Amino acid sequence: MALIALVLVIAIALSFDFFNGFHDAANSIATVVSTRVLSPRVAVAWAAFFNFVAFLVFRTKVASTIAKDVVKPGVFTIAVVFAGLIGAIAWDVITWYLGLPTSSSHALIGGLAGAAVAKAGWGSLIGTGFQKIAVFIVLSPIIGLLLGFTVLLLVMWAFHRYHKVDRLNRGFRRLQLVSAAAFSLGHGGNDAQKTMGVILALLIAARHLPATANVPLWVVLSAHTAIGLGTAFGGWRIVHTMGSRITKLQPVSGMSAEAAAAATLFFTAHAGIPVSTTHTITGAIVGVGSTQRLSAVRSGVAGRVVWAWILTIPGSFAVAWLVFQPFRLAG
């Protein structure tokens, strides 16, 4: 019975990874679609491929952070992880329906925290791990914004004397293929690892792995396959918000935003910091938009996105806390 429950919760974790890809597909392809460098169908396939092959590039430091640095490992049980995943998935469904590009990563963290607190109280959380995540909730969009602003300014300065605009645009359209691939690599390398961390925590809690174990290869491949398939199905409601409603993009600005966001994700994945790809690319898009003028950034849409960010962790926390109550009452 315990083995069946373990397999079921692993399947739910991979379902979350699939929905993460579905929900966050817009992050990978919004700029390349809005600039018409690729059609939506081709862009989705492009992003899905690089989501999958990211396991060849990145190590699993983010997965270790999720498994061991957010909730005290002894608190994890199959019921806790189940409630945490349901809290995260429910929040993703709500924000997907509303077309808001919130963070699946922070929904997962909020869900796991809510279930852990419901089981063992606030002492079940690891303060230092949450502090690191909280700092980068703020820093990741700011870094994306500053890098996006800087990259586009440098490009504009380097090519301001170049008068063959059509040829220049063709060049940046090709470069945007590279920047979109890099961002999708960063997305897969960061977001798929959160699910790896959940499954690793489950396997340790069920005593199928020792507490010092690394992520097994089958878990790595399963997580990347799930997020790649989710991206392949895409999230078209959110593409519209990310790709056109925040600011108008051209190939040069799309390339700059993707390059800035990819650089941020590469750094954080290497450092083992679970950041939000949504926050990062949105910050980069705002950064390139603000090089024109502040009014180029549609503050009303950006404001709704920010409010969704603020509510993500408490919202998924509350859902997971409620989902765990029947398990707590059952003892």
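**Stop 1: D191 and its partners**

Select D191 and K194. Their side chains are joined by a polar contact of 2.9 Å. The model on screen is a predicted one.

Step back to see where D191 sits. D191 belongs to helix 7, residues 165–205. Is D191 buried or exposed? Its relative accessible area is 0%. Buried means under 20%, so D191 counts as buried.

**Stop 2: from T277 into helix 11**

Keep T277 selected. Select helix 11, residues 277–289. Then select helix 10, residues 251–271.

Look along the pair. Helix 10 and helix 11 pack at an angle of about 140°, and their axes are 8 Å apart. That makes helix 10 oblique to helix 11. The crossing is right-handed.

Color the residues that meet.

**Stop 3: helix 10 end to end**

Helix 10 has 21 residues. From first C-alpha to last, helix 10 reaches 30 Å, close to the 30 Å expected at 1.5 Å a residue.

Move to the residue just after helix 10. This is G272, which takes a positive phi of about 75°.

**Stop 4: helix 6 against helix 10**

Select helix 6, residues 127–158. What angle do helix 6 and helix 10 make? They pack at about 140°, with axes 8 Å apart. The two helices are therefore oblique to each other. Helix 6 passes helix 10 in a right-handed crossing.

Color this second set of contacts. From helix 6, take F136, S140, I143, G144, L147, G148, V151, L152 and V155. From helix 10, take V252, S253, M255, S256, A260, A263, T264, F267 and T268.

**Stop 5: I133**

Stay on helix 6 and select I133, which has its place there. I133 has a relative accessible area of 2%, so I133 is buried.

Which residues does I133 touch, not counting those up to four places away in sequence? Show V70, H106, I109 and P274.

Finish with I273. I133 and I273 are 140 residues apart along the chain, yet their C-alpha atoms are separated by 7.0 Å.

Methods: Residues are numbered from 1 along each chain as its sequence is written. This is a predicted model: local features need pLDDT of at least 70, side-chain atom pairs count only at pLDDT 80 or more; totals for chains, interfaces and linings use all residues. Side-chain values use heavy atoms; hydrogens and water are left out. Helices (H or I, at least four residues) and strands (E, at least two) are DSSP runs, numbered from the N terminus. The expected span of a helix is 1.5 Å times one less than its number of residues. Buried means under 20% relative accessible area, exposed over 50%, partly exposed in between (1.4 Å probe, protein chains only). A polar contact is a pair of N or O atoms within 3.5 Å; within protein, one must be able to donate a hydrogen and the other to accept it, and residues adjacent in sequence count only if both atoms are side-chain atoms. Axes are lines fitted to C-alpha atoms, for helices over the stretch in contact, and angles run from 0 to 180 degrees between N-to-C directions. Angles under 35 degrees count as roughly parallel, over 145 as roughly antiparallel, 65 to 115 as roughly perpendicular and the rest as oblique. A crossing is left-handed if the near helix is turned anticlockwise from the far one by less than a right angle, and right-handed if clockwise. Contact means heavy atoms within 4.5 Å.
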